Amino acid sequence: MSHLVAPSILSCDFAHVGRDVEMVSSSGADWIHVDVMDGMFVPNMSFGLPVVEAMKRHSSIPLDVHLMVAQPERYLSHFKEAGADVITIHLEACIHLHAAVQQIHKLGAKAGVAINPSTPIFQLVEILPDIEVVCLMSVNPGWGGQSFIPGSLSRISRLKALIGKTNSKALIEVDGGVKLDNAQEILNAGADVLVSGSGVFGQPDPAAAIQTLKNLKKA
């Protein structure tokens, strides 16, 4: 399977969100990555349900909603109703992770679990067979435009091996500091989904940047 590209709308021009969502939808991207931050689990705040609903109206591709929020199980049904196709929750934020994953599936969405850079990969071993996506954070969550943490490459490789051992079909989504100049190395390490915010929207031609990321091939 070829890799997926999920531009992070957090880096778009928020005076023209609908325009940028439509651009991403028609660019050849696979998903739109939507970072929801509550100012509690992470220090920053982004946007909530009305903005996600508005994005859905302008998008012809799936919304990949990444909940960087405390107690995410409180909001799962609301974000599904708002238009989320993939709902990703943080291992560190959810006490009853398996129950929350079951709830996401019951709602009819794909389930993802995200892990922060300091969280050991092995903590995913019990949940891997039950999810569609692992979102491996390659920056500390909360702010766009950060630099990729180099040690993330070995974490991707170790996660790939663990997915194989557990017979999981989960995709490895890499989120944080993914740019045109390091995306190939990230793919080669084992990534399946490239999330890129400033790496796309910081370019003079964001649609061309998306195509560049799509045209990469795993070694």
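**A helix, a cavity and some salt bridges**

Helices (H or I, at least four residues) and strands (E, at least two) are DSSP runs, numbered from the N terminus. This is a predicted model, where local features need pLDDT of at least 70 and side-chain atom pairs count only at pLDDT 80 or more, while totals for chains, interfaces and linings use all residues. Residues are numbered from 1 along each chain as its sequence is written, and side-chain values use heavy atoms, with hydrogens and water left out.

Buried means under 20% relative accessible area, exposed over 50%, and partly exposed in between (1.4 Å probe, protein chains only). After H5 comes Asn167, with a positive phi near 55°.

The structure holds one cavity of 30 Å³ or more; a cavity is a set of points, on a 1 Å grid over the protein atoms alone, where a 1.4 Å probe fits but cannot get out, and lining residues have an atom within 4 Å of a point. The largest cavity has a volume of about 230 Å³, a volume being the space filled by probe spheres set on the points, which are joined across faces, edges and corners. Of the 24 residues lining the largest cavity, Trp143, Gly144, Gly145, Asp175 and Gly176 are the closest to its centre. Strand S2 (32-37), strand S8 (193-196) and helix H7 (198-201) each supply at least two residues of that lining.

As for salt bridges (a side-chain nitrogen of Lys or Arg within 4 Å of a carboxyl oxygen of Asp or Glu), the count comes to six. In one of them, Lys214 pairs with Asp30, with the closest N and O atoms 2.9 Å apart. Lys214 lies in helix H8 (residues 206-214) and Asp30 in the loop between helix H1 (17-25) and S2, so the pair ties together parts that are 184 residues apart in sequence. Lys218 and Asp192 also meet in a salt bridge (3.1 Å, N to O). Here Lys218 is partly exposed, at 35% relative accessible area, whereas Asp192 is buried, at 8%.

Notes:
On a 1 Å grid over the protein atoms alone, a cavity is a set of points where a 1.4 Å probe fits but cannot get out, and a pocket is an open set with protein on both sides within 12 Å along at least five of seven lines; lining residues have an atom within 4 Å of a point.
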